[in-house]
Structure formats: structure tokens, C-alpha cells
Amino acid sequence: MYKTRSAGDMLFVTLNYGLLLLLGLFTLYPFMNLLAISLNDSIDTVRGGIHIWPRIWTATNYEIVFSNPQLLSATLLSLLRTVVGTLLSVTVTTMLAYTLSRRDYMLRRAINYVLVISMYVSGGLIPFYLLVKQLHLMNSFWVYILPGLIGAFNVLIIRSYFEQLPEGFSEAARIDGASDVQILFRVLVPVSMPVIATVTLFVSVGHWNSWFDNYLYNTSPSLSLLQYELMKILLQSVSQLTGGASATGHVDTQTLASTSPESIRATMTVIVTIPILFVYPFLQKYFIKGMTIGAMKE
Amino acid sequence: MKKQIVLVLAATMAMSIASGCSKNEQSGASSSPQASGAASASASGSGAAPVTYTINTTEPKLTWDTPISKRLTEKTGVTFKYVPVIGGADAAGQKYDLWLASGDYPDTLYLQPKTLGKYRDAGALQPLEDLIDQYGPNIKKRFGSFYNLLKDPDGHIYSLYNPNLAEETPADQQASFVVQYDVLKEAGYPTIKTLDELYDVLKAYYDKHPTIDGQPTIPFSGVGTDLVYNNPSVAAAGQPDHGRFLIDGEGNVNLNLDSAGSERYYQFLNKLYNSGMLDKEIFTLNYDTAPSKIAQGRILAGFYPKWFLDQPEQSLRQAGKLERQYAKFPILFDADTGDHSNAIVASGSGNNWAISKNAKHPERIIQFIDYLFTDEGQKLIGWGIEGVDYELKDGKRYRSDEVVQKMAADPDYGIKEGLSGSYSRFSIGNGAKLEDGDYATPLTKEYIVRGYDSATKEILAKYGKETWSDFLPQPEYIPAFLWQIPEPEGASAMNKRLEQIWNKESPQIVMAKDFASKWNGYKKQMEASGQKQLEGLFTQAWKAYESEYNKAVGK
Amino acid sequence: MTVQEKEAGTINNQVATRTVPKSAFAKLGKQYQLVLMSVPAVLLLILFSYVPLWGWIMAFEHYTPAKGVMGSRFAGWDNFRMLFRDPLFYQALRNTLAMSLLSLAAGFVGAIALALLLNEVRSRLFKRVVQTITYIPHFVSWVVIANIILLGLSPDGGIVNELLLKLGLIDEPIYFMAKGNWFWIIHTMAGLWKELGWSTIIYLAVLSGVNPELYEAAEVDGAGRFGKMLHISIPGLMPTAMMLMILNVGWILSAGYESQFLLGSNLVIDYSQVLDLYAMNYAFSIGDYSLGVAISVFKSVVSIILVVAVNFLARRLGQSKVF
């Protein structure tokens with residue numbers, strides 16, 4: 001494509017790479033810092049000064065986190081939630097976005113208003129909690145999926161992408177007698193993979209990271225999620241530190257914590273983030289320039 | 001074909017809602033907090049029939065599957081199932097409010113008086129006094145003349161806690177003004193009684209050692225807001241810790257935030273600041289960033305309570321910097337300031353147990369608590385199981401080095417054994433004795449001394465003391481700490497307003513070039529913002545409590 | 001833009017005239033597939049987003065958990081009156097607006113710039129690696145980020161001060177976190193650091209959807225790298241960018257609160273206190289839920305007005321719109 005390279009071009013490329021490299025180093029630091037802290041002795045970590053390399057290597061922090069017997073089942077449930085939640089949510093979101101991208105759809109305007117305004121209103125925790133209870137969603141897997149099934153923001157992103165596509169596409173299909181469902185899934189979705197991949201990422205990360213609904217609605221251990229179990233371990237280390245174990249101050253001086261909240265927090269973040277880092281490059285292949293519309297035009 | 005896809009997708013959604021409901025019916029029945037106690041309790045009629053109750057806890061790891069918990073069940077037939085509530089104070093508070101709004105609370109509630117007050121007002125708690133009359137002889141016996149303290153103004157008892165029966169200062173208590181060992185060594189182990197003496201000792205050391213391990217020496221530092229401005233001035237005035245208030249001999253409650261004592265303490269900080277001896281960033285140090293500075297060993301002195309200092313000191317020991325640990329001295333404004341800071345209150349009210357309307361057969365819970373108050377129960381929750389967690393040595397209960405080592409190696413030892421269950425809160429206190437004349441808990445002087453390192457023992461020997469608690473004045477009984485009694489209505493909003501001024505002005509006063517004018521401006525601002533009103537509210541509440549207290553204990 | 005839309009409009013008109021509905025109901029019947037694809041989802045949305053709004057009643061009463069929403073004392077407009085009389089409320093409002101606008105501007109420009117720069121990278125591996133790395137801080141909690149910043153900006157051996165001292169730019173370490181008027185900037189930079197990579201993802205997705213033929217055509221016309229960026233990439237991003245802009249304007253009263261809480265201190269409280277923190281102070285420390293809900297109602301009303309207004313403006317200017 002680009003055959004000749006001028007001096008200005010070369011300068012731009014060099015500067016661009018340099019700038020991005022610098023930005024990369026800058027944004028990598030927090031994670032490297034956490035990785036180092038998670039692998040460093042927790043009592044030593046208190047002294048500070050750990051940057052990107054541990055001073056006293058240890059695996060204790062990971063051992064403590066992984067010693068939680070519920071971690072495996074919680075991880076599996078988190079995976080299940082992420083997969084089921086993302087599949088359902090992205091499908092429904094895409095369908096809704098499609099109907100709203102159809103300018104002739106009669107309910108379009110009304111739904112648009114309902115959708116957009118939903119982003120800016122909240123009744124607060126108490127009414128929501130009572131609603132969940134009324135719907136018999138307490139202590140159920142579906143409380144993880146249903147309330148957040150439709151994210152208005154994601155619908156709008158996909159809608160905007162659909163609207164940008166050349167009108168000719170769906171028109172041709174329609175003239176061939178295709179139904180709305182066929183147009184959506186056979187024609188539009190294949191060329192909209194970049195935006196669908198993006199929304200998939202947003203939704204799945206949201207599911208993977210959430211724990212508050214677990215905390216509020218599901219007390220049963222069999223419905224425990226990974227993030228929730230990790231939060232429990234973190235809290236445990238905090239209360240060990242402050243001697244909150246019992247109200248009477250019946251805490252033995254000699255049994256000091258073998259780990260600190262700082263170390264546990266770092267370890268948690270590493271454990272939770274690494275799977276996401278593996279998933280992203282997988283989705284990135286849908287971001288490749290030119291694979292979409294150009295191909296369709298043939 | 002095309003229709004089918006649409007229908008399937010629409011049906012999936014409809015089904016997911018439906019199955020959400022049906023799934024809940026299966027799992028909900030067994031695991032919702034209120035159901036379990038009712039279900040199993042209804043089957044029980046006789047005394048020791050097994051019964052299970054739910055109780056909330058903020059300790060996620062707590063389990064009833066421990067030797068001590070099981071022993072308690074053997075004795076009483078009662079089993080508790082923990083309902084963990086995690087996420088810090090704010091998130092937990094939200095959950096308690098949601099429970100109350102929905103009626104989903106556990107059989108037994110383990111909450112602070114403030115939250116329990118909301119439950120009481122909503123009619124969610126069962127009054128306990130009749131049950132105690134019938135089933136709680138040991139509860140009455142332990143509380144003795146303090147029994148009436150359990151009663152709310154309406155005459156009912158809604159929650160239970162422990163009486164604090166300590167006869168001496170618990171051996172793990174320590175003052176919160178701390179000075180580095182090395183500073184004391186260099187000064188020839190002086191007795192530091194006043195802030196001025198502290199200043200001189202710090203100055204001498206700082207002049208000689210402007211750096212420690214190549215980094216700048218910090219003569220004085222702190223953490224947070226209250227621990228920098230409020231608590232130290234209360235301690236230096238020799239007053240009990242009533243939070244941000246002082247109570248005079250007549251029972252008048254005064255705000256400490258702009259008291260004469262505070263003025264003196266701000267002056268002390270101002271002096272440190274202007275001579276460059278105050279930590280430059282003391283105003284922004286938080287509980288995450290402050291420990292690392294301490295653990296670097298270059299802070300010479302400060303005001304750090306035990307619960308905060310333990311971790312950085314452990315880090316210092318691990319790094320081999322034994323001489324950078326801290327001596328804990330009660331330090332006062334003047335040599336003749338009377339020290340009344342070592343206050344003991346009879347009421348152990350803090351996180352209390354209440355029985356909710358959801359609990360069937362509440363008498364079983366009362367009987368359970370009653371057992372805890374027997375000597376046998378106290379030994380079990382305080383010391384553990386004889387031969388496992390403790391042994392008898394010369395007739396005295398003793399925690400062996402072996403057990404101590406096990407505890408040090410496994411921070412969860414207490415939880416796994418059952419030593420730290422939610423029932424532990426019914427211990428009658430460190431430093432208290434049982435009827436057999438021996439201590440109720442293992443935190444004895446002997447035990448504390450055993451945990452000290454060589455440098456600490458050496459320093460203590462120079463001062464002719466065994467533990468840091470030996471530096472404290474004689475304990476004095478007071479009716480309560482102000483923060484234990486219910487907050488008067490309307491006080492929290494006023495408090496907040498004054499707090500905002502205090503928050504904002506405090507650093508400015510400490511950094512002021514012209515201290516007097518800054519201070520006076522601040523004091524005027526506080527007085528103009530409803531200080532007198534707030535003090536009036538609290539004085540009224542305190543005096544009411546005090547007269548109730550006097551009546552209750554028969555004074 | 002306008003031309004495209006007009007074209008789209010005519011096409012749709014043709015579709016509409018082609019079907020010639022007898023009545024609105026009949027037309028809707030024709031669109032049953034669209035109805036099935038949207039209405040169940042919208043009903044679910046209404047259930048979880050709008051039904052709980054009965055909680056707004058709390059803003060008009062003196063709510064106590066003990067008495068419940070139905071039993072609490074009615075207060076009329078008292079809570080709002082109290083709010084609008086409190087000078088601290090206006091301070092919090094000012095801080096919220098300032099930090100929101102700064103973050104909005106910085107985030108907007110930053111994300112688009114980064115997306116454009118990444119778009120110019122030819123090496124697929126380099127692009128992927130940089131993209132992945134820049135979005136990691138999104139997953140690091142504010143506590144961690146804030147502590148890194150506090151340590152880095154510390155006047156007692158913080159790396160920034162050490163650097164400035166070594167370069168001879170300053171003689172005395174600067175106590176960054178004590179300077180009220182710097183707080184907004186520090187907060188904006190911190191937010192940028194944490195969220196820049198994450199907010200770029202969406203723009204990259206849009207850029208990869210731009211028709212490559214357009215680039216090729218521009219190249220034939222002799223457009224250089226910047227020409228293509230200016231005439232193809234940026235216009236390609238505009239509809240999405242505008243939409244995000246409109247949506248974000250609606251969130252202008254929600255400037256986040258974690259970073260302000262963690263980075264703020266008594267020294268800078270006049271600049272760090274935002275509406276959400278102000279509300280939390282009431283809801284949690286004072287236990288006044290009603291005032292917290294009143295603030296939330298206020299925020300919602302302002303948001304909706306703003307979004308509708310900006311949307312109207314965008315429509316007038318012929319830009320893409322949300323509604």
C-alpha cells in the first residue's frame with residue numbers, strides 16, 4: 001500500500017513508536033508494581049520501596065489466596081456467569097440496537113428515550129433490593145444476569161455503528177426478500193464484528209469483575225463468585241491487621257498477620273487481571289482494518 | 001426458519017426470567033437467613049435438643065466447624081450458622097439497612113448499638129429481660145450491680161454484651177505516644193513526661209543525626225486526622241478517650257477540637273513545624289502510606305495506637321532494626337497534669353448481640369449466652385480446650401510455647417480452633433479473674449513478656465518495668481465512654497459541620513506563622529457554627545446517662 | 001453528514017411508501033420481528049431501571065430505615081431546600097463540574113489521539129502489545145493507583161520531586177498534594193493514566209470499520225499521512241465521538257468519587273469534595289438517606305435536561321444525535 005516513505009514520514013513513524021513505547025512503559029508500571037508486591041514478602045512490603053522487582057521473593061501471598069477451598073468453584077461460577085451473561089447480553093443488545101437503527105421502526109423514538117434516560121436515573125439500593133426480592137431472584141444465579149442484561153450505553157454504541165454502515169447493504173438483502181432477523185445476523189453482524197467484539201469485551205469484563213450483586217443478593221456459598229471470594233480474603237487481612245477479630249480485644253499479640261492487605265490486594269489484582277489480558281488479544285483479531293466492509297463489497 | 005430464530009431468542013429471555021424464579025424456590029428456602037433457625041428450632045422443644053440459628057459476622061472466614069464451637073454445641077445444643085457480611089463499614093451498613101427494609105435479617109444480630117437502635121425502632125428485636133430472668137442466672141450474676149445498664153430507656157433489654165470485670169490494667173495496653181529506642185539510648189534513657197521534654201530529646205537527636213540510613217530523619221509524624229490533631233491532645237491532657245469530647249467533673253461535655261488542650265497541642269505541632277521537625281507530609285499521610293515510613297525506621301516519635309503500630313513494628317523487627325522500635329510513654333502537657341486516661345468502663349457495649357423477631361425459641365440463645373458466662377464457658381471462649389490450647393502449670397492456666405508458635409505460624413489458628421468466634425465477645429475481659437482466682441483470658445503479663453524481643457526487654461529493664469502497660473496510671477472506672485451512649489438526635493449533622501471546619505483549618509493552624517491569630521479565627525468560627533448547641537445536647541444526654549448509671553449501680 | 005442522512009431518509013421514505021400501512025397498528029404488525037427483538041428487552045429494562053424509581057419518594061420525606069419508605073414522615077421540598085441553602089453544596093457542585101469538564105476534554109482528546117496514533121502503527125504485534133498494556137490500569141483499583149501517585153508526588157523523597165531537584169528546576173521539594181488549585185489537574189492526569197487505554201478501545205473498533213477503499217482513494221488523490229488522518233479517520237470517528245460526547249455531558253455531575261476521596265485531604269478539601277462524596281457524607285456518616293436521594297434526584301433531572309438539550313443542539317448543527 002504505502003510504497004514510498006518520505007523523510008517526514010520516517011520522522012513521524014519514529015516519533016509515533018517512541019511516544020507509544022513511552023506511554024506503554026508508563027501504563028505498565030502499576031501492574032508491574034503489583035506483580036512485584038504480590039511476589040514480595042508482605043512484612044517487607046510494609047517498608048515500601050518495591051517498584052518493579054521483589055526484594056524478598058515469596059509465594060506466600062498466592063498460597064494464602066489459593067488456600068481458600070472455595071476458590072475453584074467460585075472461579076468456575078465466575079466463568080459461567082461471564083460466558084452466559086455475555087452471550088445473552090450481547091445477543092439481546094445487538095438485536096435491540098438493530099431495531100433502533102431502523103429509521104422506519106415505529107417504536108424507535110419511544111424506545112430511544114426509554115433507553116437513554118435509563119442511563120441517568122437510579123432509584124437507589126433499597127427499592128432495587130426489594131424488587132429483586134419480589135422477583136424471587138435472591139439466592140439465584142439469574143440475579144447476576146438479568147438486571148444488567150441490557151446496557152443502554154452498549155446498545156447505543158452498536159446502533160451508531162449500524163447507522164454508519166452504507167444503507168445499500170441491508171437494502172439489497174431486503175429486496176432479495178430477507179427478513180429482519182436474516183438481515184441482522186447474516187448481513188450486518190458479520191461486518192460489525194469490531195464493535196461487537198468491543199461490546200463483548202465491555203460486558204464480559206463487567207461480569208468478570210463484579211461482586212457487589214453477589215454480596216447483596218446471594219449468601220449461599222454455592223453461588224459465590226471469584227471476585228467475592230477474593231474480597232473476603234482481602235477483608236480478612238484487613239481485620240487481622242486491625243485486630244478486629246473480636247470486640248473484646250481478645251487478640252493475641254503474637255499471632256500477627258503473615259500477610260498484609262497491600263500484598264493481598266496486589267495478588268488479587270494480578271489473579272483477576274491476567275485472564276482478561278489473555279482474552280483481549282483474542283478479540284483483537286476482529287479489529288483488523290479492512291477485513292470487514294471491503295470484503296463485503298466484493 | 002427466520003421466525004423460529006426470533007421466537008427462540010425471545011423465548012430464551014422469557015424462560016430465563018421464569019427459571020430465575022423456580023431456581024430460587026429450591027435454593028432460597030435453605031439458605032435465606034431467616035428460614036434456617038425457624039425450620040430447625042420448631043422441631044425442638046426440650047432443653048438440649050439441637051437447634052440452629054443464623055448470626056451475621058464481618059469475619060468471612062468464621063465457621064462453626066471448630067473444636068471449641070462444637071464443644072459449645074455439645075454443652076448447649078445450639079449451633080450457629082454465620083452469615084458473612086463483607087466489604088467494609090459502609091457496605092456492611094448498607095446491607096443491614098437492606099435487611100431491615102426487607103425483613104431478611106438473621107435470627108441473631110451482631111451489631112453496633114447505633115444500628116441496633118434502628119432495628120429496635122422498627123420492632124425487629126425481641127425484648128430479653130423476661131427471658132434473662134428465667135433462663136439467664138449467670139448473665140445476672142456476672143453483671144451484678146451493673147445489670148440495669150443493659151436496659152434501654154424504655155425499660156427493656158434489647159441486646160447483650162459483656163461486663164468488663166478487669167481488676168487491673170490489661171497487660172497488652174500501651175500508651176500511644178511513642179519514641180524510638182535509639183533516641184532514648186542516646187539520651188541516656190531519660191524519663192519523658194511532658195511534650196517539652198519530648199521536644200528537647202528529639203531536637204538533640206535530630207541535630208546529631210539529620211539522616212538515618214542515608215534518608216532524612218523525621219523527628220515527629222502521625223497518621224490520619226484524628227490521630228494527628230484530636231486523640232493526642234486528649235491523651236496529653238490526661239483525659240479518657242471520649243472521642244472528640246472532654247467531660248469535666250460536673251458532667252459537662254465539651255468539644256475537644258478547639259479546647260484549651262487542643263490549643264496547646266497545636267502549639268506543640270506548630271513549634272515542630274516551624275523548626276522543620278514535623279513530617280513535611282503529615283497532612284496527607286494515610287493508613288496505606290504511613291506504615292512504610294515508620295517501617296523505614298526514620299521517624300523518631302509520633303502518636304500511634306497499638307492497633308496501627310503493630311504491623312510496621314513487626315516489619316522493623318523483621319528487617320533487624322530492633323533499635324528503631326518504639327517505647328510507649330504516656331506524655332502529658334505538664335509534669336503536674338493529672339493522668340486519668342487509663343479509663344475502664346463496666347459496659348463492654350460495642351458490637352452487641354440481639355435476638356431478632358425471626359428467631360424461634362429465643363430462650364435457647366439466652367441459655368447459650370448464659371452458659372458462656374459460667375466459669376466453664378469463660379475458660380472455653382477465653383483459653384480454649386484444656387490440653388490443646390492451654391495447660392495447667394502450678395495450678396495456673398498457661399499457654400505453652402508450642403501453641404504460641406503455632407499461632408504465630410498460622411494467623412488463622414484462632415479461627416480454626418474456634419478461639420475467635422463471635423461468642424468471644426462475651427469474655428469478661430483481659431485482666432479479669434474468674435472465680436477460681438485465675439485470669440479469664442491468656443493475655444497475662446507473663447504471656448506478653450514472653451513475646452517481647454531482646455531489645456524491648458532491655459529498654460524496659462532500664463526503666464525498671466516489665467511491660468508497656470506498667471507505664472500507665474492506675475485504671476479508673478468511669479460510667480461509659482461518650483461514644484458508647486446513643487447519639488442525641490440532630491447531633492450528627494452539627495458534628496459534621498464542625499468537623500468540616502476542623503478538617504480544613506487544622507493544617508493551616510499547624511503551619512501558621514502567626515499562631516495566635518489563626519487559632520483565634522478558628523475558635524470563633526467553631527463557636528459560630530453551633531458548638532455550644534452540640535455541647536448542650538451531649539451534656540444533656542451524658543447527664544441523663546450518668547444518673548441512670550448511678551441509679552443502676554446503686555450509688 | 002446531513003447529506004448522508006437525507007439520503008438515508010429518502011430511502012426509508014421509499015420503504016415506508018412501499019409498504020403503505022392502513023393503520024399504525026397494522027404497520028406495527030408488519031414490523032413484528034422488530035417488536036419481538038426489542039420489546040421484551042425494553043420491558044426488562046423498564047423493570048430494573050424504572051420500577052425502582054418509586055424510591056425517589058424518599059427525597060420528599062424524612063426517611064428512616066425503621067419506619068420504611070411508606071411509614072416515614074413526609075417532608076415536601078424540605079430536603080431540596082436544605083440542599084440549595086448549603087454553601088458546601090455549591091462548592092461540591094463547582095468541583096464536580098470542573099473535574100468533569102477537565103476529564104471529559106482530556107479523555108476525549110487523549111483517546112482519539114491515541115486511537116489515531118495506534119492506527120498508524122504498521123507492526124501488528126507492536127500495536128497489540130501497546131494496546132493491551134495501555135488498558136491494564138483500568139483493572140487496577142483506585143486505591144493502588146492513588147498510593148502510587150501519593151508516593152510519587154511526596155515531598156519526602158517522591159520521585160517527581162527528586163527528578164525536579166536533580167534537574168535544578170526547583171530548590172525545595174513541592175508538596176503537590178497540599179496545593180488546592182493543583183488538585184483538579186492531578187485528578188485529571190490520574191484519571192487519564194488509568195482510563196486512557198480503555199476508552200481508546202471503542203475508537204479503535206470504529207476505525208477498523210472505516211472502509212479501506214476511502215484510504216486508497218485518498219492516496220490516489222495524493223493525500224499524505226496527515227491528510228488521510230484529517231479527511232478520513234477523523235470524520236470516520238466523529239459520529240461515535242459525538243454520541244459519546246452527548247452521553248458524557250449527561251454524566252457531568254458524576255465525576256467519580258474514589259480518586260477524589262483517596263487523593264484528597266484536609267488541605268485540598270475545598271477543591272476535592274464532589275457531589276457524590278457530599279451525598280455519601282450525608283447518607284452514611286449522618287444517616288440521612290433522604291438528602292442522599294434528593295441529591296440523586298437532582299443529578300438525574302439535570303442530566304436528562306442536559307442530554308436532551310445537547311442532543312437538540314447536535315441535531316440543529318446537523319451532527320449525529322442520540323435520540
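At what angle do helix α6 and helix α12 of chain C pack, and how far apart are their axes? Before I answer, a word on the model and its labels. This is a predicted model, in which local features need pLDDT of at least 70 and side-chain atom pairs count only at pLDDT 80 or more, while totals for chains, interfaces and linings use all residues. Residues are numbered from 1 along each chain as its sequence is written, and chains are lettered from A and ligands numbered from 1 in the order in which they are written.

Now the answer. Helix α6 (residues 87-119) and helix α12 (residues 225-250) of chain C pack at about 150°, with their axes 11 Å apart. Helices here are DSSP runs of H or I with at least four residues, numbered from the N terminus; axes are lines fitted to C-alpha atoms over the stretch in contact, and angles run from 0 to 180 degrees between N-to-C directions. The crossing is right-handed, meaning that the near helix is turned clockwise from the far one by less than a right angle. From α6(C), C:L104, C:F108, C:I112, C:L116 and C:N119 take part, and they meet residues of α12(C) including C:L237 and C:M245. Contact requires C-beta atoms, placed from the backbone, within 7 Å. This contact comprises 8 nonpolar, 3 polar and no charged residues, where Ala, Val, Leu, Ile, Met, Phe, Trp, Tyr, Cys and Pro count as nonpolar, Asp, Glu, Lys and Arg as charged, and the others, Gly among them, as polar.

I turn to chain A. Helices α8 (residues 168-175) and α9 (residues 180-191) of chain A pack at about 135°, their axes being 10 Å apart.

Finally, between chains, 77 residues of chain A are in contact with 72 residues of chain C. Helix α1 (residues 7-38) of chain A supplies the largest share of the chain A side, 13 residues. By class, that side divides into 48 nonpolar, 20 polar and 9 charged residues.

Methods. Helix = DSSP H or I, 4+ residues; strand = E, 2+ residues; numbered from the N terminus. Contact = placed C-beta atoms within 7 Å.
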